[in-house]
Amino acid sequence: MNEVNKSEFWDNLYKINSVGWDLKTPTPAFIDLLKSEYFADKSKMLITGCGYGYDAIAAAKNNFNVTAVDFSETAIQFAQSLAKKENVKINFIVEDFFSLNDNHLNSYEIIFDYVTYCAIDPSRRKEYADKIYQLLKPHGVFAIILFPIEKRIGGPPFAVDVEEAANLFSEKLELVISTSEINSIKPRKGRELLQIYKKTNGKKS
Ligand SMILES: C[S@@+](CC[C@H](N)C(=O)[O-])C[C@H]1O[C@@H](n2cnc3c(N)ncnc32)[C@H](O)[C@@H]1O
């Protein structure tokens, strides 16, 4: 079994502070999204693989009703104490995303992923796309910033093939926008792409 499937693998990286992905601040492109037309009139949001919770906290500060899941207990403990300091309420869950139970089905108006799709076992990407579909409410949106989109060997982060991702998520969702014109941090410029998908009436039309 690929070690990235185990919470211990990620929890240990947090424990030894080997968190090269951590921006120590919300994702700039996500801040833009929070105020965008894509998230307008929507509130209930799930953040997958939320890590230290900066994006979750930014969303809660913008009045979204946020649930954030990560199976690293260390990351979630940090996120919880940060949320407390920032005086925002977030439903943090320490759990394997793939095991979220039926209470979460058809529940979320928005699901956001940053640097989680590239962290999961690549052989589970279809399973991931299916789970996103199940968790989204009809008319819900799935926003993902695909990174790293260049070719690379090994991982995590595992290379993201944009066409493969678009094919997987488009099986059940409708692709609304795919753009690299986003506010990326300098070292990730040109290496990431925002895609937004919509769940059209519970099934693809
Ligand atoms: C590369 S980190 C990104 C964290 C955060 N999104 C960020 O941008 O800082 C990937 C995160 O996904 C979490 N993760 C990976 N697989 C997971 C799974 N199956 N269920 C829940 N969390 C998972 C890891 O614990 C880790 O916090």
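## About the model

Welcome to this structure, which is a predicted model: local features need pLDDT of at least 70, side-chain atom pairs count only at pLDDT 80 or more, and totals for chains, interfaces and linings use all residues. Residues are numbered from 1 along each chain as its sequence is written, and side-chain values use heavy atoms, leaving out hydrogens and water.

## Around the ligand

In the side chain of tyrosine 14, an N or O atom is 2.5 Å from a ligand oxygen. On its own the ligand has 590 Å² of accessible area, and the protein covers 94% of that (Shrake-Rupley method, 1.4 Å probe).

## The largest pocket

Where does the ligand sit? The space it takes is the largest pocket, with more than half of its atoms within 2 Å of the pocket's grid points. A pocket is an open set of points on a 1 Å grid over the protein atoms alone, where a 1.4 Å probe fits and protein lies on both sides within 12 Å along at least five of seven lines; lining residues have an atom within 4 Å of a point. The space amounts to about 760 Å³, counted as what probe spheres set on the points would fill.

The lining has 42 residues, with Trp21, Gly49, Tyr114, Val115 and Thr116 nearest the centre. Elements giving two or more residues to it include helix H1 (7-15) and strand S4 (108-114); H1 gives the largest share, 3 residues. These elements are DSSP runs, with helices (H or I) of at least four residues and strands (E) of at least two, numbered from the N terminus.

## Backbone details

Most residues other than glycine have a negative phi, and most peptide bonds are trans. Asparagine 63, in the loop between H3 and S2, has a positive phi of about 70°.

The peptide bond from phenylalanine 147 to proline 148 is cis, with omega near -5°. Another cis bond joins proline 156 and proline 157, with omega about 0°. Proline 148 is in the loop between strand S5 (136-146) and helix H6 (162-170), and proline 157 is also found between S5 and H6.

Key: Polar contact = N/O pair within 3.5 Å; in protein donor to acceptor, adjacent residues only side chain to side chain.
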